[in-house]
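This report is a short tour for a first look. Start with the model below, then read on.

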Amino acid sequence: MHVISLIVKNEFGVMQRVMGEFTRNKINVETIVVGKCEIPGKSRMVLSVISHDAAVTAIGRLQKLQDVYNAELVPESGQSAYALLSTSNGNVGVVGGSDQVEELIERSKPERYVKALNAL
């Protein structure tokens with residue numbers, strides 16, 4: 001999995017413009033996380049894709065958008081994973097390395113779950 005981190009304008013329509021680049025280039029986004037970040041008026045958008053070539057293509061296209069201030073491929077050492085698990089005992093949040101989170105999902109066999117990659 002390859003993770004792309006973006007700093008973007010925090011305003012209406014930015015996600016649609018960013019995702020338009022993935023659609024035009026036929027790149028499937030596996031996970032996406034968006035939220036306000038440490039820079040006032042900006043948001044951090046973190047996306048994951050399977051192919052390294054697709055990630056490099058996307059970064060090249062995204063850097064040309066006015067709404068994108070910074071686009072970078074995050075090295076594996078800077079990545080983390082999290083999952084929200086629905087179990088018979090209630091909902092559980094799990095954070096750790098991608099392999100650790102994957103192992104916990106397999107061990108607990110939750111009724112439902114969502115897993116995402118993130119980076120700072």
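## Terms and basis

A residue counts as buried under 20% relative accessible area, as exposed over 50%, and as partly exposed in between, with a 1.4 Å probe and protein chains only. By that rule, 39% of the 120 residues of the protein are buried.

This is a predicted model, in which local features need pLDDT of at least 70 and side-chain atom pairs count only at pLDDT 80 or more, while totals for chains, interfaces and linings use all residues. Residues are numbered from 1 along each chain as its sequence is written, and side-chain values use heavy atoms, with hydrogens and water left out.

## Overall layout

The protein has three helices and seven strands. Helices (H or I, at least four residues) and strands (E, at least two) are DSSP runs, numbered from the N terminus. Along the sequence they follow the pattern β-α-β-β-α-β-β-β-α-β.

The C-alpha trace spans about 45 × 30 × 25 Å along its principal axes. Contact means heavy atoms within 4.5 Å. Among contacts between residues at least 6 apart in sequence, 63% join residues at least 24 apart. The protein exposes about 7,500 Å², by the Shrake-Rupley method with a 1.4 Å probe, where for residues only the protein chains shown count as cover. Carbon and sulfur atoms supply 51% of that area.

## The four-stranded sheet

Strands of a sheet pair through backbone hydrogen bonds, either parallel or antiparallel. Here, two strands pair if DSSP finds at least two bridges between them. Four strands form an open, antiparallel sheet in the order β2-β3-β1-β4. Strands β2 (31–36) and β4 (68–74) stand at the edges with a single partner each, so one side of each has no neighbour in the sheet. Neighbouring strands are turned by 15° against each other on average, direction ignored.

Strand β1 (residues 2–9) pairs with β3 (residues 42–49) over eight antiparallel bridges. In one of the pairs, Ile 7 has Arg 44 in β3 as its bridge partner. Helix α1 (residues 14–24) packs on this sheet and touches β1, β2, β3 and β4. The direction of α1 makes about 25° with that of β3. Axes are lines fitted to C-alpha atoms, for helices over the stretch in contact, and angles run from 0 to 180 degrees between N-to-C directions.

## A look at Ser 108

Where does Ser 108 sit? Its place is in helix α3 (residues 98–108). Ser 108 is partly exposed, because its relative accessible area is 36%. The side chain of Ser 108 reaches the backbone oxygen of Leu 104 at 2.8 Å. The C-alpha atoms of Ser 108 and Met 45 are separated by 29 Å, and the two residues are 63 apart along the chain.

Conventions: A polar contact is a pair of N or O atoms within 3.5 Å; within protein, one must be able to donate a hydrogen and the other to accept it, and residues adjacent in sequence count only if both atoms are side-chain atoms.
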